[in-house]
Amino acid sequence: MDNRSEVREFLTSRRSKITPQQAGLPTAGTRRVKGLRREEVATLAGVSAEYYARLERGNLSGVSEAVLDSLARALQLDESERAHLLDLARTASTTRRPARRRTAQPIRPALQQLLDAMTEVPAFIRNGRLDILATNRLGKALYWPVFQDPARPVNLARFQFLNPGAAQYMTELDYQRAASAALLRTEAGQDPYNRELSDLIGELSTRSEDFRTLWAAHDVRLHRTGLKRFHHPAVGDLTLAFEGLPLPNDPGLTLTAMSAEPGTASHDGLRLLASWAATLDHSEQPNTELTSGRPSTHQT
């Protein structure tokens with residue numbers, strides 16, 4: 001597995017995003033390239049033009065961390081982009097091995113107990129491929145439309161890009177898709193030999209033009225906190241703050257928990273969702289009809 005094309009396309013895409021004005025460079029004259037020229041990046045990074053050209057051709061093998069830091073500053077990389085550059089360099093300097101297929105990642109009983117103890121907030125555990133591996137009751141109720149997708153394992157990216165119902169359920173679907181593509185790109189840099197990840201990326205690339213466009217942008221992201229907006233089939237609109245917490249004892253896993261601001265309609269919606277979630281204990285097909293924005297009174 002050779003990551004030269006990944007390196008080349010990532011560096012080229014970052015260089016094209018920096019204007020001379022942003023880099024503090026003179027802007028006189030006609031420019032034929034979008035963003036900075038290679039020679040300008042080399043000057044800003046303190047390396048020769050020939051050396052930078054070698055890097056942008058995809059050869060990061062043996063490059064020192066000091067040079068990578070200088071390159072990150074020259075390209076004005078953010079935290080996630082810098083980490084991705086380091087991942088690409090590490091892969092380039094590692095003896096290549098064939099992609100391997102992973103076994104299913106078990107969830108420790110203590111983690112499921114922790115999820116179950118979180119009774120007032122939706123929470124779930126995912127891996128870097130965006131498979132939902134475990135949830136609490138409220139988390140499964142919130143993501144019920146995703147769980148209704150017949151494809152397994154339950155996967156957020158596959159639902160967002162391939163399920164026709166995603167646009168109705170996720171009210172900011174374009175943003176969610178961009179975030180998922182960036183997270184998958186980040187994961188691919190960290191774990192380039194993961195066969196399941198490669199298979200998912202291949203499936204999405206084949207079946208979704210939107211994914212192909214986002215994937216080609218080479219954007220990466222650290223998805224730690226923010227807002228998620230849903231239109232839930234049982235309780236209507238929800239705006240929830242989320243925190244993504246990496247699990248140090250379970251590398252590659254992230255616990256995501258969501259909450260609503262007290263006194264808001266979303267806070268009331270979570271209470272309704274908790275009542276609706278109780279029906280999941282008795283039926284895998286709960287009634288989702290709405291009565292004035294509330295779960296139907298003839299649910300079982």
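# Exercises on salt bridges, strands and cavities

Asp69 and Arg82 join their side chains in a salt bridge of 2.2 Å, N to O (a side-chain nitrogen of Lys or Arg within 4 Å of a carboxyl oxygen of Asp or Glu). The model is predicted, so local features need pLDDT of at least 70 and side-chain atom pairs count only at pLDDT 80 or more, whereas totals for chains, interfaces and linings use all residues. Residues are numbered from 1 along each chain as its sequence is written, and side-chain values use heavy atoms, with hydrogens and water left out.

**Exercise 1.** Locate the partners of the salt bridge between Asp69 and Arg82.

*Solution.* 
Step 1. The salt bridge joins the side chains of Asp69 and Arg82. This pair links distant parts of the chain, with Asp69 in helix 5 (residues 65-74) and Arg82 in helix 6 (residues 79-92), 13 residues apart. Helices (H or I, at least four residues) and strands (E, at least two) are DSSP runs numbered from the N terminus.
Step 2. Arg82 is partly exposed, at 29% relative accessibility. Buried means under 20% relative accessible area, exposed over 50%, and partly exposed in between (1.4 Å probe, protein chains only).

**Exercise 2.** State which parts of the chain are tied together by the salt bridges Glu56 to Arg15 and Arg108 to Asp250.

*Solution.* 
Step 1. The structure holds 18 salt bridges. One of them brings the side chains of Glu56 and Arg15 to 2.8 Å, N to O. Because Glu56 belongs to helix 4 (residues 49-56) and Arg15 to helix 1 (residues 4-17), the pair ties together parts that are 41 residues apart in sequence.
Step 2. Glu56 is buried at 3% relative accessibility, and Arg15 is buried with a relative accessible area of 8%.
Step 3. The side chains of Arg108 and Asp250 meet at 2.7 Å, N to O, in a salt bridge. Arg108 is in the loop between helix 6 and helix 7 (109-117) and Asp250 in the loop between strand 4 and strand 5, so this pair ties together parts that are 142 residues apart in sequence.
Step 4. Arg108 is partly exposed, with a relative accessible area of 36%, while Asp250 is buried, at 10%.

**Exercise 3.** Determine how strand 4 pairs with strand 3 and with strand 5.

*Solution.* 
Step 1. Strand 3 (residues 225-232) and strand 4 (residues 236-246) run antiparallel and are joined by eight bridges. Two strands pair if DSSP finds at least two bridges between them.
Step 2. Strand 3 and strand 4 form a hairpin with three residues between them; Gly226 stands opposite Phe242 in strand 4.
Step 3. Strand 4 also pairs with strand 5 (residues 254-259) in the antiparallel sense, over six bridges. Here, Gly244 stands opposite Thr256 in strand 5.

**Exercise 4.** Identify what lines the largest cavity.

*Solution.* 
Step 1. The structure holds two cavities of 30 Å³ or more. On a 1 Å grid over the protein atoms alone, a cavity is a set of points where a 1.4 Å probe fits but cannot get out, and lining residues have an atom within 4 Å of a point.
Step 2. The largest cavity holds about 190 Å³ of space; a volume is the space filled by probe spheres set on the points, which are joined across faces, edges and corners.
Step 3. Its lining comprises 18 residues, of which Leu156, Gln160, Gln176, His223 and Lys228 lie nearest the centre of the cavity.
Step 4. At least two lining residues each come from strand 1 (123-126), helix 10 (156-162), helix 12 (173-190), strand 3 and strand 5. Helix 12 supplies the largest share, four residues.

How values were computed: 1 Å grid on protein atoms, 1.4 Å probe; cavity = no way out; pocket = protein on both sides within 12 Å on 5 of 7 lines; lining within 4 Å.
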